[in-house]
Amino acid sequence: MTVTGTGFLRVLAVDDEPPALDELAYHLRADPRVARLHTAGDATEALRVLRDDDVDVVFLDIRMPGLDGMELARVLRRFARPPAIVFVTAYDDGAVDAFDLGATDYVRKPVRAERLAESLRRVIGSRVVPSHPAALARAEEDPTIPIELAGTTRMLPRSAVRWVEAQGDYARLHTAEGSHLVRVSLATLAERWADAGFVRIHRSYLVQLRLIAELRLVNSGYVVVIDGSELPVSRRHTRELKDKLVRAAKQDWSR
């Protein structure tokens, strides 16, 4: 179904559950920034809409039969001009994959009008940035992480993370302003963030290598200092960490 309004954003809402799709469409249709609203009950119908019409943003459920929301988002990323993606889901276990896919936002069900209004604001902000190759490259190099703050999902740039601390099945992301708990294992982040300069120094700690101010020997072993905080280095990671610090220093001197 397609509904035309008086705004400027072209929106596609995708959900396999009719009541959830109707609620999402109702809130989007009521927003004055939405010019055209398409709805689809599954990925196949969504791709049919996208074949025939240009869309600025797709509000996308994750758990759907057939091609699910994550798989559809991967397809959309290959478009010559991919639309912004806002995941709308009842679950929080897809948040890490969402930021890996460059999602603009991650909204928890039940949806609220003010929360969707915030998502549209973020979409508009992301759409006005020129799609210059250098700008797109920077966006890919610094993905965002969805974090929960007082019931609202915010997108935290990975570059803001100083170090990560394991807390069971969760990880606490430490920034200059504070810390945020996200539902992802330290091992997963260590694998995904290795190319961005994050290194494992302990079974419970992952740090940004370039931010290490000191590697210091104390009575119980080595510690690294980041932003004045001392973090333990396990024996199994000490030699590898020293080698990486030396290589990084040599690269800095050779520039």
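This is a predicted model: local features need pLDDT of at least 70, side-chain atom pairs count only at pLDDT 80 or more; totals for chains, interfaces and linings use all residues.
Where does Asp 61 sit? I found Asp 61 in the loop between strand 4 (57-60) and helix 3 (69-77). I then checked the UniProt record, an unreviewed entry, and it places "modified residue: 4-aspartylphosphate" at Asp 61.

Next I looked up which residues Asp 61 contacts, leaving aside neighbours within four places in sequence. I noted Val 14, Asp 15, Asp 16, Gly 69, Val 88, Thr 89 and Lys 109.

I moved on to the largest nonpolar core, which has 22 residues. Leu 12, Val 14, Val 58, Leu 60 and Phe 87 touch the most other members. Strand 2 (9-14), helix 2 (43-52), strand 4, helix 3 and strand 5 (84-89) each give two or more residues to this core.

Beyond residues up to four places away in sequence, Phe 87 touches, among others, Leu 60, Ile 62, Met 70, Ala 73, Leu 101 and Tyr 106. I also logged a second, separate core of 19 residues, with Val 34, Val 57, Leu 116 and Leu 120 among them.

Three strands make an open, antiparallel sheet in the order 14-15-16. Strand 14 (214-218) and strand 16 (229-233) are the edge strands, each pairing on one side only. How many bridges join strand 14 to strand 15 (residues 221-226)? I counted five, and I saw Val 218 opposite Gly 221 in strand 15.

Definitions and conventions:
Residues are numbered from 1 along each chain as its sequence is written. Side-chain values use heavy atoms; hydrogens and water are left out. UniProt positions are given in the numbering used here, feature names are shortened, and annotations may be inferred rather than shown by experiment. Helices (H or I, at least four residues) and strands (E, at least two) are DSSP runs, numbered from the N terminus. Contact means heavy atoms within 4.5 Å. A nonpolar core is a set of buried Ala, Val, Leu, Ile, Met, Phe, Trp, Tyr and Cys residues joined through side-chain atoms within 4.5 Å. Buried means under 20% relative accessible area, exposed over 50%, partly exposed in between (1.4 Å probe, protein chains only). Two strands pair if DSSP finds at least two bridges between them.
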